Amino acid sequence: MSTPTPPRDADFASVEPLRALLTEHFGPERARRWVDEWLATELERVTDPEFAALFEPLQEHYPVPIDAFSHRLLTTDWGRLLGGIRFFNRDWQRPFVELIAWDGTTDLHQLATVTREAWHAFRPPRARLPFAAGPLPAGVWPDNALYGARVSAIAEATTSQRAVTLEPLTADEASIAEAEAFVAQTYAALAASDPVLATLITPASASQLRHCVAEGSADWICVAGARIGVLAIAEETVDFVTGDVVVEKVIAPQSRGHGYSATAQGLWAARRLRRLSAGEDEPWLLGTIDQLNRGSIKTARAVGRQALLQWGFLSLDAETP
C-alpha cells in the first residue's frame, strides 16, 4: 500500500509547537522526518482496511460498519481535523476519540462539537489531544506525559547505590516466564493498593519482554543479590518520538521508596553509553507515565528525565461549556 504524502506540518497548526519542541531537543532533520512519517502513518489509517480490522472484536457492540473504526479526515467551515476512535485497554465500554492534528481553530468548544458529531455512534465522553509540555489549556485535564533525557544526563544525574545491580534476563522460556510472573504479581499488588491507577496502566507481555531481551536491555533489578524488580527497555517510537523506551519498570512493593529504580536506570544508562557504536547518535531514554503514577514521575525527575510531550482530555459533553 502506498504511503500518502503528508501535508507540511505547518498546514496543521496544532502540530507546529510539537515540531518546534522536537527541533529544540533532537534537531531539525529528525524533527521534520519524525513528524512527516507520523502524519503519513496517521493519514494512511483513513483508508487502511487492515487498521480498521484491528477493531473487529469490538464491532459487535456498535451498529456501525467496520470502516467506522478507520481514522477520519474532516473538513469543516473553519479547517480540518484528523482523528480516530480509541478504547481504553481495548474495553468497548471506554471509548474516546484521539484527535491527532487540526488547523483553522484553537477553540476547544469547536473541536469538541465537531468531534462529538463525527463519532456520535460510539458515544465517546471525551477526546484526547497532544500538547507540548507545560500548562494545559483551560478545560483540558491531564492524561499522561512522555518523560525523557539523554542517556549521558541520566548516567550523570543518578546517585550510585553499591548494593544495587542489574542481572540480565536470559532468552530461555523459564526466565521469561519468571519475569512475567513477577511483573503480574507486582501489578496485582497495585490493583489492591491503588485500583484506579491499575486500570490506567498495563503490564508488559511475554512477547514484549522477549523483544527487550533480544535487544540486550531487559534486567532484574537486584539489591544485595536479591531480585526486587524488573527493568525492560527497547528502541521504539511513541507517536512521533523515537528513542530507548521504558517498556516495563516495576519494583516489589516492599522494596519501594529507597531509590532503587532510579539507581537501576542510572546503571542501565552507563551500560548503554559503553555499548554505543562509533558514530551512533546518543540515544534518549523515554517513557510515558500516567499523571496519577506519582512514584514513576518522581523517579523520572530524579534521574533527570523531563516532561517533553503530554496528552490531555477534552470533554465531549454537550453541557460542558
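I take helices (H or I, at least four residues) and strands (E, at least two) as DSSP runs, numbered from the N terminus. The model I am looking at is predicted.

**Entry: R305**

I looked up R305 and placed this residue in the loop between α10 (294-302) and β11 (306-315). Is R305 buried or exposed? I find R305 buried, because the relative accessible area is 4% and the cut-off for buried is under 20%. I then listed the contacts of R305, leaving aside neighbours within four places in sequence. The list holds Y147, G148, A149, I154, V246, Q265, L285, L286, G287, I289 and A300. I also took the C-alpha to C-alpha distance from R305 to E117, which is 39 Å. In sequence, R305 and E117 are 188 residues apart.

**Entry: H25**

I found H25 in helix α1 (residues 16-26). With a relative accessible area of 15%, H25 is buried. Which residues touch H25, if neighbours within four places in sequence are left aside? I noted R150, W284, Q306 and L308.

**Entry: aromatic pairs**

I describe a pair of aromatic rings by the distance of the centres and the angle of the planes. Rings count as a pair here if their centres lie within 6.5 Å. By this rule I have 17 aromatic pairs. I looked at W38 and F240, where the centres are 4.6 Å apart and the planes stand at 65°, so I log the pair as edge-to-face. The label follows because planes over 60 degrees apart count as edge-to-face. W38 belongs to helix α2 (residues 28-44), while F240 is in the loop between β8 (226-238) and β9 (241-251). I have both W38 and F240 down as buried.

I turned next to F69 and F87. Their ring centres are 6.4 Å apart and their planes are at 40°, so this pair is tilted. I placed F69 in the loop between α3 (49-53) and β1 (72-75) and F87 in strand β2 (residues 80-87), so the pair ties together parts 18 residues apart in sequence. F69 and F87 are buried. I also find F69 and F87 in a cluster linked by ring pairs, together with F51, F55, Y62, W92 and F122.

**Entry: charges over rings**

I noted the charged end of R72 over the ring of W119, at 6.0 Å from the ring centre. I also noted R126 over the face of F313, at 5.7 Å from the ring centre.

**Entry: positive phi**

I checked R123, which is not a glycine but has a positive phi near 50°. R123 is in the loop between α4 (108-118) and β4 (126-132). I record R123 as exposed, with a relative accessible area of 55%.

What is the phi of A224? I read a positive value of about 55°, again in a residue that is not a glycine. A224 sits in the loop between β7 (218-223) and β8. A relative accessible area of 71% makes A224 exposed.

**Entry: surface patch**

Which residues make the nonpolar surface patch of about 220 Å²? I wrote down V196, L200 and L292. I located V196 in helix α7 (residues 195-198).

Definitions and conventions. Residues numbered from 1 in each chain as written. Predicted model: local features only at pLDDT ≥ 70, side-chain atom pairs only at ≥ 80, totals over all residues. Heavy atoms only, no water. Patch = residues over 30% accessible without salt bridge, like charges linked within 9 Å, V, L, I, M, F, W, Y side chains within 5 Å. Areas by Shrake-Rupley, 256 points an atom, 1.4 Å probe, with all protein chains shown as cover. Salt bridge = Lys/Arg side-chain N within 4 Å of Asp/Glu carboxyl O. Phe/Tyr/Trp six-rings, centres within 6.5 Å; stacked < 30°, edge-to-face > 60°. Buried < 20%, exposed > 50% of the residue type's maximum accessible area, 1.4 Å probe, protein only. Lys NZ or Arg CZ within 6 Å of the ring centre and 35° of its normal. Contact = heavy atoms within 4.5 Å.
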